[in-house]
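Please walk through the structure shown below.

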Amino acid sequence: MSIGRINRTKGIALAAITSTAVAAGVILIQGAADADPKPTLDQAKKQVAELQHQAEVAGESANDLRGQISASSARVKALQAGIAKQEAQVDAVKRQIGGLAVAGYQTSGISTTAQLLLSTNPDQFLSQASTAQAFAGQQNSALRRFQIAQGKLTDLQASEQTELAALQAVQAKQKALVGQVQGNLDAAQKVVDKLSADERKRLEDENRKETEDAVKQRPSRDGERTSEDIPKVPASGRASVAVNAALAQMGDPYVWGADGPDSFDCSGLTMYAWGKAGVSLSHSSKAQAGEGRRVSKSDLMPGDLVFYYSPISHVAIYLGNGRIVHAPRPGTAVRIASLDEMPFNTAVRPG
């Protein structure tokens, strides 16, 4: 099933949020955003950061339903294939019963003696007449097969309806979560709209500089390092491939539901990067936390996946030396950050 992507927050002004703003942010509901007086620039940053974080939480919850939707869709598809096959069997038995009925009708009004006299091939008729009882048995057997086939078809159709109802319920839940994503982004925009033109310009400039810096730091597409600021990651094998793939996306925008090649959400980036290394991951931070060998924070190695918040709602790739690369949240771009920028939950080593 195709899932539509949420557009970036209206205007790049939303994105100039420092990492400390997330930790220090205050929860703001949309109604409060409308009612509160004009915030200071620092207050607006904190409020927008928290709303963007809440949008990511809802987005990752929606991502977590992808597996359920995919599995349920596969079951529906299998049931529909089974129904089509069973319908073909029911139709075949129906045709057989119809043929037997026609044959029985054509001879039912003529005596056996008359049929013998009228037959153009008496020897063949006598051979057929000797199996008259077997013919009647065929009719009964065909009827029993029809009843069994029709019963199986009815059971399959009932199972399909049950599975469809379950699929639609999960899809509705996901749709509601996507609505929360957009609701939080709309509330964040209202906070920004209360700022003065000069303040909004400052936010735009900060965001533009952060994105430009990230783009300058990323390796070239052939793997050459373009900046001394980018860490020399001591990774090898598949972990090295995943790390370099993630670093090559620095500066690409966060877009909910995106998994490359030009935009990402947090789990979309890690899925993309490790996919380049030949390791398949789910598009969900919660699911990815179970798709590798658990490692402690003290034993982290480059390429490991690091998960944040409780319950888990964010994932990044560890680079070494206390640094990560990740897609932070709506309104921001892929960048390098401190390992301790967010509350650590757990870590795994894929592959």
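This is a predicted model: local features need pLDDT of at least 70, side-chain atom pairs count only at pLDDT 80 or more; totals for chains, interfaces and linings use all residues.

E5 covers residues 335–338. Strand E4 pairs with E5 in the antiparallel sense, and four bridges link the two.

On E4 there is also a pairing with strand E3. E3 spans residues 314–320, and E4 spans residues 323–326. These two run antiparallel and are joined by three bridges. Here Ile324 in E4 has Tyr318 opposite. Two residues lie between E3 and E4, which form a hairpin. In the turn, Asn321 has a positive phi of about 55°. As a general point, side chains in a regular strand alternate between the two faces of the sheet.

## Helices H9 and H10

Two packed helices are described by the angle between their axes and the distance between the axes. Helix H9 holds residues 237–247, and helix H10 holds residues 266–276. Their packing angle is about 135°, and their axes are 7 Å apart. H9 is therefore oblique to H10. The crossing of H9 past H10 is right-handed.

Which residues of H9 meet H10? They are Arg238, Ala239, Val241, Ala242, Ala245 and Ala246. On the H10 side, the partners are Leu269, Tyr272, Ala273, Trp274 and Lys276.

## Helix H3

Helix H3 runs over residues 41–64, a stretch of 24 residues. At 1.5 Å a residue, H3 should span 34 Å. Its end C-alpha atoms are 34 Å apart, so the two values agree.

Is H3 largely enclosed or open? Of its 24 residues, 17 are buried, so H3 is largely enclosed by the rest of the structure.

## Gln86 in helix H4

Gln86 sits in helix H4, which takes in residues 66–108. Is Gln86 buried or exposed? Its relative accessibility is 8%; buried means under 20%, so Gln86 counts as buried.

What does Gln86 touch, leaving aside residues up to four places away in sequence? Its contacts are Ala149, Lys152, Leu153 and Leu156.

## The whole protein

The protein has 351 residues, and 43% of them count as buried. It contains 11 helices and six strands.

Residues 24 or more positions apart account for 71% of them.

Methods: Residues are numbered from 1 along each chain as its sequence is written. Side-chain values use heavy atoms; hydrogens and water are left out. The expected span of a helix is 1.5 Å times one less than its number of residues. Buried means under 20% relative accessible area, exposed over 50%, partly exposed in between (1.4 Å probe, protein chains only). Two strands pair if DSSP finds at least two bridges between them. Axes are lines fitted to C-alpha atoms, for helices over the stretch in contact, and angles run from 0 to 180 degrees between N-to-C directions. Angles under 35 degrees count as roughly parallel, over 145 as roughly antiparallel, 65 to 115 as roughly perpendicular and the rest as oblique. A crossing is left-handed if the near helix is turned anticlockwise from the far one by less than a right angle, and right-handed if clockwise. Contact means heavy atoms within 4.5 Å.
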